[in-house]
Amino acid sequence: MTFVKDPCGIVCVLVTYMAVLYADYVVTHWIILQTMPNSLWAPFHVVAFNTIVFLLAMAHLKAVLLDPGTVPLPQIRIDFSDLHSEKNYNHEREEWTMCTRCETYRPPRAHHCRICKRCIRRMDHHCPWINNCVGERNQKYFLQFLLYVCALAVYSIFLIVISWLYPCEDCHVDVSQAQSRMMHSVLLLLESALFGLFVIAIMVDQMHAILYDETAVEAVQQKGPYRIHRPKMALLAEVCGRGHPMLWMLPCTSLNRKHHDYETSDGESGTLIHRFSRHVSLTKRDFTDKTKYGFKVSNFYPLPDVESYSQQIRNLATVDLAKLITFTTDFRSKADFRSYTEIVNALDEECVRRIQGSTTYELLEMLHCFMYLLPNKIAQLKSYQSAMPKLIELFGGGAENERDFLTIVFFLGMWKRNKTGSVLMNEFLQQYLDRYLTPQLSQMDFAILANASYKTSLRLAEESEAFKRRLVDEIVNFDNTDDPALMVTLIKCARMNRLASDEIVQKVRSYVQANGHRKELDFRGLAHLFAYIADNRIKDETLEALFVEGCWARFEQEIRTNGFETQSQSCRPKDIATFLWACGTLSVPMEATGVNFNMLEKAIRLKVEAGEYRYIPDVLVDTVLSLWICDRKSIGLFRLLFKDRALVQNLRKERAKIESRKDLLLSCAEIDLPEAMDMVKAIRKPGDAFVLDRPAPEFLVRPALQKVAECLNHMKKAGDLPLTALRFNLPVKNLNIAGILVQFANGVVVNLDVMDDKHCLSDGLTPVGLLKLKSRILEDRSIKQATVR
């Protein structure tokens, strides 16, 4: 409960209740009881009118006393770890900012109220009539209050008109009573008209703010709608609750509390990388420096002299320079992009200049502050790239300790998809991993280590038996009530290390059965767990159904909540590709599932058009190819992939493995979709996608295939089989599963495939997705085929 001690607001609240009570008094005493004393309509109108008064009072009290969404103040001194939301990280308005008045970090759309003296999440405006801000948690009740006031005003005017049209029979007897009734009626009419029109105007403004997803503060700042593709009903549900729309009119709690939970400056929740960042900052950071900062923020922000900024920051101590980086976040929302870029570049260059002369403490302070300022682009900074080798050098110079070891591992993990980062991480862990990978290392510490190795594509399990054993133990002994994101991180690390373990498979099975209903286990988390089952080619129809139904239910919920809004952090392009790859690999019969492919393809198409695949075209290739394996030949996505010149150009820059998957997709299109031939011709020369007697390269002839061929040759020589010829073939271009083309004496030709451990699931009967794709293509071509286990 909250109450703002604002004199103006308190007076307005008292005036509101006096006006409502006066309206109730006039309607009940002077209109209903005097104009219809003997009518059955009298008790009906009394009950109906007072019901609206009661609902109005309840809605108003909740709007007045309920916390509108106050951003909590930090309980400790401000730390500079990353508290940004990853969602829409390319969108500037999704960034957290720092309020210099509250001295706390605030989430997106939060603004400081000068009357409440606090930052309010999704603040619309401060309303004196409720003596409170209209924010995320009380906007529903404020809207109900407006609606009930409007209803009360219309009801009052209706009853006044009825009393004038049908006056009471005894009113002419007492002239003073008639005059009093007329006076009260006129006063109530004026009150109802004025308040009614005023409230209607506010209510229209509120509905516009909700339906167009733009608060009054954002409208003044001319930021435009916050989310363009969000459905109107989803926006209303976000304010009024996830319950039935009929319940939206009642002043009771129907909000989904979890939907309104948000990350505070103390770091109570948030995405996993930010949780790691806070953990490292709060438990591994040196807090011996108790000073706030030795400079005046006003000398730099909010109006810095860009031309002389570089010279100004040279006079700062290195620790103060790091602290200034944090204040730059607040400057971002008040500056044009060019000025902000110049400021960040100046800070980056100044930090680079000081790297060689800095201590471990100063370097880590810089990194913590840049982690807050640019969490998703920190690895692009020159200061970061210079600081990491220097940190490793200082660490090896006699300053070794477990605290700095884990901090360096965490920051090296941010240098993902980079050869230099992988090399540095590999060398660092080769030297120090066995020393610091002790039983005393906590679960969170090991999760940070596992995540960093995964991000830098290191397979530590191949080199360290201790790491391998610890990884298996952490997964197998994981508490089902812990954060699912930690479990998913460990599974991703196991996948990177190609760690096949029956213990882990059994744990994943039991974990999903126990936690499949938890909302914290989102689409991407469930997709990665599913992918581990696919990696190990486990055939379990019950488990498959659990994964597919769980993933699709979460995907549908995302669509219902956000529409086809792009940049969804839960259903990212690579997570959709992971889910479809697992379905394809395990040969899941998608026609028997509840997956709506039209909805899925529409979501993918909108993500392509929004540019989400622009720099990851390989993910789109995998997605379309997985759909093909699942027997969903999407010509629309195929054309979208190869029609986008930027996507095609980025594909050419990728490694050979991605090029082979693209070529396989083109072969499938050439074989299965004649209507896509124009696109194929524009990319490569068609005509040889399917050649039944194409010789298979020697490196594709597997030992199992060689063994079957030797057996057939032996039977041919012994006269047990009437064979005239057999040879290794590769009928589908770029589908690198060789077979044996067997020709019988009667002229019949049979394509023989061998299901070894690599090409069948754990039941020994079901082929993997690619082999099933090959079989389907041969069947469509009316080629006789057989399979040998």
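Helices here are DSSP runs of H or I with at least four residues, strands are E runs of at least two, and both are numbered from the N terminus. Helix H1 covers residues 7–35, and Ile10 lies in it.

Some ground rules. This is a predicted model: local features need pLDDT of at least 70, side-chain atom pairs count only at pLDDT 80 or more, and totals for chains, interfaces and linings use all residues. Residues are numbered from 1 along each chain as its sequence is written, and side-chain values use heavy atoms, leaving out hydrogens and water.

Now the whole chain. The secondary structure comes to 30 helices and 10 strands. There are 789 residues, and 54% of them are buried. Buried means under 20% relative accessible area, exposed over 50%, partly exposed in between, with a 1.4 Å probe and protein chains only. Next, contacts, meaning heavy atoms within 4.5 Å. Take those between residues at least 6 apart in sequence: 71% join residues at least 24 apart.

The chain exposes about 36400 Å², with 56% supplied by carbon and sulfur atoms. Areas come from Shrake-Rupley with a 1.4 Å probe; for residues, only the protein chains shown count as cover.

Back to Ile10. Ile10 counts as partly exposed because its relative accessibility is 32%. With Phe3, Leu14 and Met18, Ile10 makes a nonpolar surface patch of about 400 Å².

Notes. Patch = residues over 30% accessible without salt bridge, like charges linked within 9 Å, V, L, I, M, F, W, Y side chains within 5 Å. Salt bridge = Lys/Arg side-chain N within 4 Å of Asp/Glu carboxyl O.
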